[in-house]
Structure formats: structure tokens, C-alpha cells
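Try each task yourself before reading its solution.

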Amino acid sequence: MKKSGHTPVRYGGHIRDMKWTPSIVAAAAAAAAFLGAARAEPAPPVYSIVVENDVFDGSDQRYTSGIKHQWLSAEGKGARLARLLLFADDDAVTRFGAGAGQSLFTPDTLGATAPLPDQHPYAGWLYLEAQSVVTRRRGATDILKVAAGVVGPAALGEETQRTVHRALNFIDPAGWDNQLRNEPGLLVSFDRVWRFGGPKVEVMPYAGASLGNVLTEARGGAIVRIGSNLGATGLPARVSPARPSAGAQRRDGFAWQVYGGATGRAVAQNIFLDGNTFRDSLSVDKEPVVAEVEAGASLQAGRIALGYAHVWRTREFETETGGHAFGAVTLSAAF
């Protein structure tokens, strides 16, 4: 009898040829991969609240406070908007979001009632924000944001700061009568973020620009982060101007990350330094190039994530005494 050159294997009393087993294994692996992909859920909706304040650095001046509420949809939402605004392909992952925020700026000398022409002007910025997010098949993420609001007394900066300072027994800011005048504000921002690396180490370079009477600038930088499940999570959200982030996270489970990076900004116009666009107001001579360094960490347990970052920013105007630093706390929940 001629030997076949391979060994038969019995399965339940039947003889099957081992030469078929690689095909069977390949088919089973393909089926498992398909079922795994079918079970994979899109990233869920995420609500975040961001609080930035220089009290974390022991000061109370210049960019002194920023707070933003942000909601980001689940993956797959906002496709029509993304195709219209960002020319998203049919296979791109899309999301949209909405938010509201307030930022406050003050001089160094809070107790003075007279104008302080060499210090940061008092100013408030109250706004609503919408965003469209597209992650393309090659991994780049585009983020388009439009913010509209008001600068000046209508932004309620004086009321907010005085209420908080009185509650905490801090010095009463006495010079809000010198703040920037009421002016409608519009800010359109676009950023592209690239992601390189694996599930535990990732490099994220980015570039973008903003245009509007509130801020006009170009920027670029990079973040390096280390952690777990990096492919399913993003950096914690921040208050603009800042490095970009959509604020994505998983629905549940455990994830952590530590990160650090730097951003460079070429500033053409900044209403909080240049003063009102159409009316006379206090102003200072701004620095055309501003850099900042950020270091932070975040931890997710279940559906809740908490992050903290410390930010060091170089001088933003010529008479500023050194740079400025503040902390950013982000609390988010996935639904």
C-alpha cells in the first residue's frame, strides 16, 4: 500500500486528514476576528467638565480661571455634518459635540481700583461651542470648533470672581470697572492630530489654527503619553487656547495614562491683550510667540475618569513679569 505521507487523526470515530487542519484553524481565526469586530462597540457619549485655575500654582492673576462643560456624541454620529465641513470619507469615524464655558482674566494687582496700563486687563469671555470630529482611516483626527459668545461685562466675569472670592475669603477684585467693553465674540478653530505608537506608548503631534476677533493664531506641538488602552482613550479635554483633544474615553473598565508635551503658538491677535476691536479699552503689547509645556495624568475606573494637568506658559505680553502657570482638572463620564 502506498503511504500518503501524513498521519490520519481520529475525531469521534471518523478519520480526518491532518492536511486540512491549517485551513480549519485559519477559518476559525477569521470567524473569531469577525465576531470580535461585530461585538466591538463604538466609543460612547462623554460628558466632561474642565476647571482651569492658577490657584493650583498659588497665584491669582492674568489667565486666572477657565471652566467648560462639554458633551461629545458616540462614534458614528454627525456624519452628514462631518462630510459637509471636514470632507469626511464614508469609512471615517465621526462625532459631534457641544459645550459652554467662561474664562476670566485679571491684572496682578487685584486691590487697585485705578486702571493698570502695564498689567493684564480685566476681561471675561462667555461662550457656547460646537465641534465636529473626524478620525480618518489613516489615523489622523480632525477637530473643527466654532465658539460664539460675548466679551465684556455681559460675560459676567466680575460677578463670578467676586462670588467665588467672597465665598473663599480671598481678596476682593476691585478693578472690574476697567474691564474690556461688551463685544460679540466669534472663534473658529481647526486642529489635526496624528497618533503613532501602540497600546501602551503613543506620540501625538498636532497642528492647527484659530481665526476670529477673540483669537487669531497658528499653533503646533506634540504630546507623548504612556498608559493602558491608549487606542480607546484620548487626552483629557482642555479650555482653549490649548493643545487639541476630543476628550474620548471607554464606556467602562480601567485605564490610566501619564503624558507630557509642548505647544508653540504664533499669535496675530488676542482680544484679551490687544483690547476691544471697535472701541477704546485697556490693552498691552502682546508677545507674538508664546510657548507652553504641559504634564498630566488621568485615571478611569468604570465610567468615570479624572485627570489633572499642570501648564507652564511663557510671557504673553511685554510687561508681564515672567511666565504664568495654572492647573487643569477634568472630570468626565461615559454613558
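**Exercise 1.** Find out whether strand 7 is largely enclosed or open, and why.

*Solution.* Start with what a strand is: a DSSP run of E, at least two residues long, numbered from the N terminus (helices are runs of H or I, at least four residues). Next, call a residue buried if its relative accessible area is under 20%, exposed if over 50%, and partly exposed in between, using a 1.4 Å probe and protein chains only. Eight of the eleven residues in strand 7 are buried, so the rest of the structure largely encloses this strand.

Before going on, note that this is a predicted model, where local features need pLDDT of at least 70, side-chain atom pairs count only at pLDDT 80 or more, and totals for chains, interfaces and linings use all residues. Numbering runs from 1 along each chain as its sequence is written, and side-chain values use heavy atoms, leaving out hydrogens and water.

**Exercise 2.** Work out which strands pair with strand 7, and how they run.

*Solution.* Two strands pair if DSSP finds at least two bridges between them. Look at strand 6: eleven bridges join it to strand 7, and the two run antiparallel. One spot to check is Gln131, whose bridge partner in strand 7 is Lys145. Five residues sit between the strands of this hairpin, where Gly139 has a positive phi near 105°. Now turn to strand 8 (residues 183–193), also antiparallel to strand 7 and joined to it by eleven bridges. Here Val150 stands opposite Pro184 of strand 8.

**Exercise 3.** Decide whether Ser103 is buried or exposed, and list what it touches.

*Solution.* First place Ser103: it's in strand 5. Its relative accessibility is 2%, so Ser103 counts as buried. Then look for contacts (heavy atoms within 4.5 Å). Leaving out residues up to four places away in sequence, Ser103 touches Tyr63, Ser65, Gly66, Ala123, Gly124, Trp125, Tyr127 and Val239.

**Exercise 4.** Describe the largest pocket: its volume and its lining.

*Solution.* On a 1 Å grid over the protein atoms alone, a pocket is an open set of points where a 1.4 Å probe fits, with protein on both sides within 12 Å along at least five of seven lines; lining residues have an atom within 4 Å of a point. The volume is the space filled by probe spheres set on the points, which are joined across faces, edges and corners. That gives about 600 Å³ for the largest pocket. Of its 30 lining residues, Glu75, Arg95, Arg195, Gly231 and Ala248 are the closest to the centre. Finally, strand 5 (93–106), strand 6 (123–135) and strand 7 (141–151) each supply at least two residues of this lining.
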